[in-house]
Amino acid sequence: MNDLIKKLIMLVITLLLVSAAAFITFQIIPGDPVTAALGTDYTEEAAEQMREALGLNRSLPERFFSWLWGAVRGDFGTSMQYHQPVSALIGDRLAVTLWLAVLSMLFVIVVSIPLGILAARFSGRAADRVITLLSQIAMAVPPFFLGILLTLVFGIVLSWFTPGGYVSLEQDPAGFFSYLIWPAAAVAIPKIAMTVKFLRSSVIRQMRLDYVRTARSKGNKESAVLLRHVLKNALIPVVTFLGMAAADVLAGSIIVEQVFGLPGIGRLLVVSISNRDYAVVQAIILYIAFAVVVINFLVDLLYQRLDPRVRLN
Amino acid sequence: MRRLTAILMTGMILAAAVLSGCAGGRQEEPSDGIIVGITQDLDSLDPHKAVAAGTKEVLYNIFEGLVKPDKDGNLVPAVAESYEISPDGTEYTFVLRDGVKFHNGDAVTAEDVIYSLKRCAGLLTPADPEVVVEEALSVISDVVKVDESTIRVILDEPNTELIGYFTCSIIPENYEEQDTNPVGTGPYCFESYTPLTSLVMTKNEEYYGEGEAQIDRVTFRISANTDAAFMELMAGSIDIFPYLTQEQASQLESQYTILEGSMNLVQALFLNHDAEPFDDPLVRQALCYATDRQAVIDMVAGGRGHIIGSNMFPSFSLYYDSELETYYDYNIERAKELLAEAGYPDGFSFTITVPSNYQFHVETAQVLAEQYRQIGVGAEIQLIEWSSWLEDVYQGREYEATIVGLDAQLVPSDILKRYCSDASNNFLNYENEEFDRIFEAAVTTTDEEEKVLYYRQLQQILTEDAAAVYIQDPALLVAVNPDLGGYTFYPVYVQDMASIYYLDE
Amino acid sequence: MESDKKDSLLSVRNLSVSFPAKRGNYDPARADAVSSREEAGQDCGRKNVVNQVSFAVGPGEIVGIVGESGSGKSMTALALMGLLPEGAARGADELCFDGRDLARLSDREYRELKGSRMAMIFQEPMTSLNPVYTVGKQTEEMLRLHTDCGAQERRQRTIQAFKEAGLSDPERVMDQYPHQLSGGQRQRVMIAMAMICEPALLIADEPTTALDVTVQARILGLIKQLNRDHGTAVLFISHDLGVIRQLCSRVLVMYQGRIVEQGSIRDIFEHPREEYTRTLLDAVPGLHKRSPVSGREGERERLLLVENLSVAYEGNRRGLFGGRPRTEAVKKISFEVYRGEILGLVGESGCGKSTTAKAVAGLIGGYEGKIVTGDGQAAASLRPQMVFQDPYGSLNPSKRIGWILEESLKMRGMKRGVDRVARVKEMLREVGLDVEYASRYPRDLSGGQRQRVAIAAALIAEPKLLILDEPVSALDVTVQSQILNLLLRLRERHGLSYLFISHDINVVYQICDRVCVMYRGEIVETAQTMRLAKCPEHEYTKRLLNDVPDA
Amino acid sequence: MEKKNINHRLGQILVCAVVLFVLIGCFYTPYDPNEMNAGLVNAGPSLTHPFGTDQFGRDVLSRVMKGAGTTFFVGLCTVAIGAAAGILLGALTGYYGGLFDEILMRVNDGLASFPSILLALVIVSISGPGTYQLILALGVLFIPSFARVVRSEYILQKQMDYVKNAKLMGVSDARILFVHILPNTGTILRSALTIGFNNAVLAEAGMSYLSLGVQPPDASLGRMLSEAQSYLFSAPWSALAPGILIVLTVLGFGLLNERGE
């Protein structure tokens with residue numbers, strides 16, 4: 001109980017610090033939002049008027065606390081670029097990013113766990129060498145180029161999907177998911193490669209431990225040794241790794257969203273940064289911090305499920 | 001071991017199945033309507049708040065002003081049936097067209113028009129701070145209703161060129177949802193907008209004029225960047241895409257009809273006259289001579305583009321002085337002489353600041369930098385974000401040289417006004433008393449011939465002064481689905497969808 | 001050989017285990033660590049780690065295998081169980097167990113045999129149990145693999161086995177994880193697990209080495225009892241001659257992969273025929289080996305005085321605002337060390353003896369009490385140096401021996417490199433190492449050599465007091481005796497005083513002048529070594545001395 | 001046995017080849033990498049231009065040689081900044097622990113949990129694009145990962161007896177930290193360095209794609225690859241050369257690391 005309260009307090013402090021840092025950072029960035037908004041129609045009076053309307057003429061702490069209070073109530077202000085409430089704007093983008101994250105993590109888990117075990121089981125043999133080499137190559141391709149290659153091969157040459165043919169979930173769920181598969185693959189491939197590598201070495205490390213010998217001495221089959229005894233132990237460090245990967249995709253895959261034209265959080269962030277749309281940027285950073293904290297919390301929980309040494313100490 | 005292998009295999013097959021399951025799911029193009037690709041997200045749906053040219057060209061289909069430009073650059077009546085300018089140039093009287101309706105079904109009243117004009121001119125109290133006040137319209141002192149179908153605009157000072165600004169959109173008075181659900185009078189009605197994704201518009205069935213739309217539904221799809229859009233073009237999922245690069249156009253020739261128009265921009269290397277050594281006209285002229293414009297056009301635009309010699313582009317056919325195009329012919333020797341004369345026999349180096357989002361200008365900068373090496377001038381390229389460019393270069397005027405393209409309203413004064421010494425947007429810090437004087441005369445005169453003469457003089461002054469290194473009016477390359485016809489180029493920045501039709505229908 | 005194949009449970013003839021030999025030195029002591037992924041190296045033939053071994057185990061018999069590290073005793077056991085690491089190859093003229101030829105069994109038949117007819121327990125019960133499953137589940141797994149019992153019956157039998165293995169409250173233990181149990185409990189779980197299917201043969205590979213003496217005694221008792229009750233034959237592997245003597249009826253002595261001698265306990269221990277066996281027996285520490293110089297009373301000049309020393313560790317913070325719980329590792333102990341004396345500090349793991357050593361050395365701040373020299377100065381003036389148990393960890397692996405020794409000289413301000421090198425050479429010779437070792441890395445040295453270097457590194461700082469924290473515990477018995485002799489010699493020559501910490505009473509007997517017995521953070525008894533051995537006063541001391549197996 | 005290290009050997013060969021290529025590029029390129037040639041725009045591979053020319057008629061081979069140098073420079077500097085600061089922080093926090101450690105590690109975790117490209121984006125938007133800004137941004141970003149690796153290694157190492165021995169000899173803390181312990185973190189550090197270098201190369205490419213990286217006309221592998229995407233159909237060779245070089249570089253270092261397991 002005490003532990004939970006401590007965690008919650010830490011959580012709030014983390015969020016508070018991140019939001020303050022984000023807020024201050026974007027106040028000192030060169031590039032005035034008003035100038036950006038007015039563009040070539042800039043005049044002093046218009047700028048002054050706009051500043052007042054946006055409350056930009058108040059002091060920094062004043063602005064921070066009024067923003068924070070709004071954030072607590074779910075009001076992140078209005079986007080200067082889109083003239084929409086930030087919460088609504090982010091809410092819509094979030095669905096895309098979340099589904100992208102879910103789908104790509106699904107790929108990662110479904111593909112990398114069998115591959116990692118396979119590589120470890122046959123470590124040093126041809127199957128392992130091939131898997132390792134392939135994952136190294138997958139990690140060596142710059143993410144944006146991977147996206148372009150996928151588009152090129154599957155979108156244009158093979159015509160398995162229509163590049164840019166994104167449709168929203170409400171509009172056409174089937175179309176939404178069949179399009180999302182490709183960006184999800186682009187997100188997942190490097191992560192699959194990393195997870196395979198990680199899981200492989202984790203399994204190999206575990207295989208050297210004494211309890212494996214005990215399991216064999218009991219008359220277990222090799223597959224049972226691997227799946228029943230080793231896997232659960234080997235997955236423990238992988239969980240942390242997967243948690244980091246999940247946090248990463250939840251934060252918006254900036255480049256992949258760009259390449260595949262997905263209206264997700266990452267693209268909104270890039271657009272908002274270049275437009276100096278503070279309200280949106282701050283809210284997104286807060287969201288990312290929140291996502292990271294939640295993921296860490298979940299990883300903690302899962303960790304406890306998997307590892308009694310953590311749970312019972 | 002066999003069991004383990006079996007489990008692993010099952011996993012792999014499952015993964016493969018999930019991945020390939022989508023293979024059949026290719027989405028057929030929605031048959032209702034066409035898709036137009038754009039690469040910039042819209043900055044506002046309220047036409048009076050939108051700033052970006054990329055937004056205005058889309059909203060052109062939804063909104064109309066009292067007058068609107070046609071494809072030849074003339075202003076034709078739209079919401080107004082006719083107009084009249086008082087001889088002294090201080091009063092504009094508009095007669096409104098009968099039976100024009102907003103998309104929400106309400107008829108356009110004189111009150112709506114007065115509201116719209118006042119909103120644009122910043123005369124409403126309290127003013128909506130986000131409305132961008134058109135500076136030129138600030139000479140309006142009042143807009144009054146004469147009768148139910150006539151309104152009069154009263155100016156503080158005479159201005160005979162203001163009619164070009166009455167293209168500002170007419171919107172219903174007291175309508176609150178312009179930001180999210182815009183209502184106008186144009187040939188297309190707004191249907192929906194999803195940030196970062198698309199804007200959909202449908203045909204306005206009750207459009208008054210002949211310019212009625214042919215296509216029922218138009219989707220403006222927002223691509224992340226030109227390269228992503230190009231991929232989509234290659235896959236055939238976009239019907240119309242303007243602003244292709246030459247390279248892209250040549251790759252799309254088999255699938256699309258490639259149309260060539262003009263961007264109607266003055267692309268130039270703008271020099272800061274307050275920064276050394278560009279305060280010396282000799283240096284500026286030297287750069288002009290050292291610029292091989294044709295090579296630039298060949299290199300960045302595949303030879304498509306129109307060389308310009310001053311701050312005006314050919315679409316202003318009446319005022320445009322084509323002789324200036326050859327004023328500074330490529331001549332390295334001359335450039336070197338001028339440099340030596342200015343006291344830089346060994347050249348100098350400077351920085352070209354270019355907004356990074358304009359690939360075209362970035363590439364031009366690279367070519368220029370390479371050309372200036374021939375006369376011993378080193379040019380370093382600094383890419384900055386558009387918003388920083390606006391702030392540092394355009395507002396702050398802290399730069400040495402920059403490359404951008406300047407666009408203009410359909411009014412010659414709009415394009416030349418920035419060279420007046422006191423103009424707020426004179427980011428070149430150009431100063432020439434003679435220019436100021438002639439400009440004043442040009443704007444106030446009502447005599448059309450005199451006006452033409454004045455404007456040509458102004459262009460000449462700029463060229464002789466080498467105010468900037470004028471390069472080209474870039475070609476506008478548009479990919480159009482071969483099934484479509486009617487794509488029309490305008491001398492202003494618009495995408496007119498009403499003119500598009502299916503060829504086989 | 002001696003036993004007829006027909007009456008023996010297990011008979012082995014000419015068993016060999018070989019590994020692919022690597023270029024460079026192959027360290028058989030580390031063969032256990034080699035598994036699926038071997039280090040880079042080239043195949044150049046194979047090297048035998050077990051060479052033509054023949055022996056037999058009769059039903060219900062307890063046979064010991066004794067030998068030093070690298071003698072191949074563990075490999076022999078693993079070869080019998082079919083648990084050899086990847087890359088190892090087994091060859092034998094005969095490998096007969098329970099009337100079946102192990103070499104001819106299919107994988108499946110061998111698996112069915114393992115756990116049910118022959119079972120094995122290992123040295124480290126902590127790492128040998130799977131950390132993520134309850135011990136109950138792990139024990140039940142045996143039944144699941146080898147019987148058709150239902151869940152209910154499995155649970156009952158597991159509880160029964162736990163009870164038999166001497167675990168109190170077996171129901172609760174069922175649902176506990178290995179890390180929640182003590183070392184002794186874990187080994188009992190391992191034994192319960194191995195015995196649950198009532199195997200004909202139990203192979204025990206150093207099952208008590210990681211345990212305290214008192215716990216060891218109980219585990220040995222348990223094995224003996226199970227052997228009696230169930231008639232299970234035991235093949236007991238140990239480096240500890242005392243343990244073997246106490247438990248086994250017959251013993252095999254292994255050296256460098258071969259059996260050098262085998263016979264009954266009495267024959268081997270009382271009339272060893274082979275040279276190696278004699279060396280081994282001679283090396284065993286104990287009272288009988290006390291050198292004449294030991295035990296002198298001599299000058300009684302007090303070198304170090306420790307008074308009311310208490311050391312507490314702070315645990316992790318409880319909650320955000322809660323304090324840190326304090327655990328007292330050492331509680332108000334007092335002792336003194338005289339000049340030229342070896343003071344032993346003996347006790348079981350966790351009794352606070354290492355903490356005391358670190359406090360005296362000055363590695364722990366924040367203690368309460370007094371640690372001063374005999375004339376009241378700070379203990380640091382004695383320049384105390386330490387020699388640690390693990391010779392692998394106490395030498396910086398990335399530095400050459402010479403550098404390590406020189407470092408101390410540099411710190412003491414010896415500027416000229418030649419002087420330092422000369423001193424280092426001198427020191428190496430003094431600890432019995434060739435001077436060329438100066439240019440080697442610790443990884444190139446054997447455990448005994450490393451411990452010599454560690455001693456040299458301590459001595460080169462010219463301390464008045466040397467603190468030896470289990471300096472010979474990680475060493476083989478023959479090496480152990482060499483190091484102990486070296487320590488005695490060095491004390492003579494330099495007039496040093498030692499604070500000698502050990503869990504091994506026999507070592508303490510052999511070397512110390514006086515002994516402090518520590519138990520749960522307190523010194524329960526301090527006495528002259530001979531007196532302690534003859535008439536211990538404190539209850540705990542009595543128990544401790546009683547449980548020590550005597551070779 | 002021979003097969004065992006085939007991947008590692010491949011890594012060695014690749015790294016050597018790429019480094020050689022870059023070194024040559026520092027001193028000699030067949031053409032001036034920035035020299036334009038209007039007559040040879042997007043020319044295919046030929047004897048005179050083995051990798052063809054780009055959209056300005058520049059020789060792709062020369063640009064790749066120069067660009068690989070720039071990319072390596074960015075990678076090395078980034079890693080140097082990240083490693084230097086990371087080692088210092090990691091060593092101090094790991095060795096001393098305490099409140100300082102706790103605070104710093106919390107900040108560290110916070111930073112590390114954000115996607116790196118996002119932070120680079122923010123830093124570059126503040127400082128403006130450019131090679132040095134990019135190096136600074138990425139370098140700062142890499143500090144947390146190095147600090148974390150070094151810290152955990154120091155926590156392990158400081159409990160080793162040789163450290164206690166050093167203390168008893170009277171060795172100063174600074175010397176213990178950097179002379180005694182640091183060499184023992186070598187294995188882990190080496191793999192962290194190669195991973196860091198690879199990440200820097202990939203991040204450079206990503207930042208170039210968002211046009212926040214190296215500025216034209218200078219070439220870098222990422223920038224060239226990013227520029228080449230418009231010509232994938234008409235001039236695929238302009239993507240091929242930088243693409244292959246990036247993959248080979250990262251692959252080489254990645255494989256080199258494999259032995260570390």
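How far apart are the nearest C-alpha atoms of chain B and chain C, which do not touch? In this predicted model, the distance between the nearest C-alpha atoms of chain B and chain C is 11 Å. Elsewhere in the assembly, 5 pairs of chains touch, and the pair with the most contacts is that of chains A and B.

The contact between chain D and chain A draws 31 residues from chain D and 31 residues from chain A. On the side of chain D that touches chain A, at least two residues each come from α1 (6-27), α3 (98-113), α4 (116-127), α8 (186-209), α9 (221-228) and α10 (237-256) of chain D. The greatest contribution to this side is that of α10(D), at 7 residues. Sorted by class, the side of chain D that touches chain A consists of 19 nonpolar, 9 polar and 3 charged residues.

Confidence was examined for chain A. The mean pLDDT of chain A is 81, with 89% of its residues at 70 or more. Within chain A, the lowest confidence falls in helix α2 (residues 33-38), where the mean is 65. The highest falls in helix α9 (residues 210-217) of chain A, at 90.

Chain C contains 19 helices and 20 strands. Its 551 residues would give a radius of gyration near 24 Å if they formed a compact globule, and the 25 Å of chain C therefore agrees with that expectation. Along the principal axes, the C-alpha atoms of chain C occupy a box of roughly 75 × 55 × 50 Å. Buried residues make up 48% of the 551 in chain C. Among the contacts in chain C with a separation of 6 or more, 73% are between residues 24 or more positions apart.

In chain B, helix α3 (residues 110-121) was considered individually. The helix has 12 residues, and the distance from its first C-alpha to its last is 16 Å, close to the 16 Å expected at 1.5 Å a residue. The buried residues of α3(B) are B:Asp112, B:Val113, B:Tyr115, B:Ser116, B:Leu117, B:Arg119, B:Cys120 and B:Ala121. The cover over these buried residues includes β5 (91-96), β6 (140-147) and β7 (150-155) of chain B. After α3(B) comes B:Gly122, which has a positive phi, near 75°.

Conventions. Residues numbered from 1 in each chain as written. Chains lettered and ligands numbered in written order. Predicted model: local features only at pLDDT ≥ 70, side-chain atom pairs only at ≥ 80, totals over all residues. pLDDT = per-residue confidence, 0-100. Helix = DSSP H or I, 4+ residues; strand = E, 2+ residues; numbered from the N terminus. Contact = placed C-beta atoms within 7 Å. Nonpolar A, V, L, I, M, F, W, Y, C, P; charged D, E, K, R; others polar. Rg over C-alpha atoms; globule rule 2.2 N^0.38 Å. Buried ≥ 20, exposed ≤ 12 C-beta atoms within 10 Å, placed from the backbone. Expected span 1.5 Å × (residues − 1).
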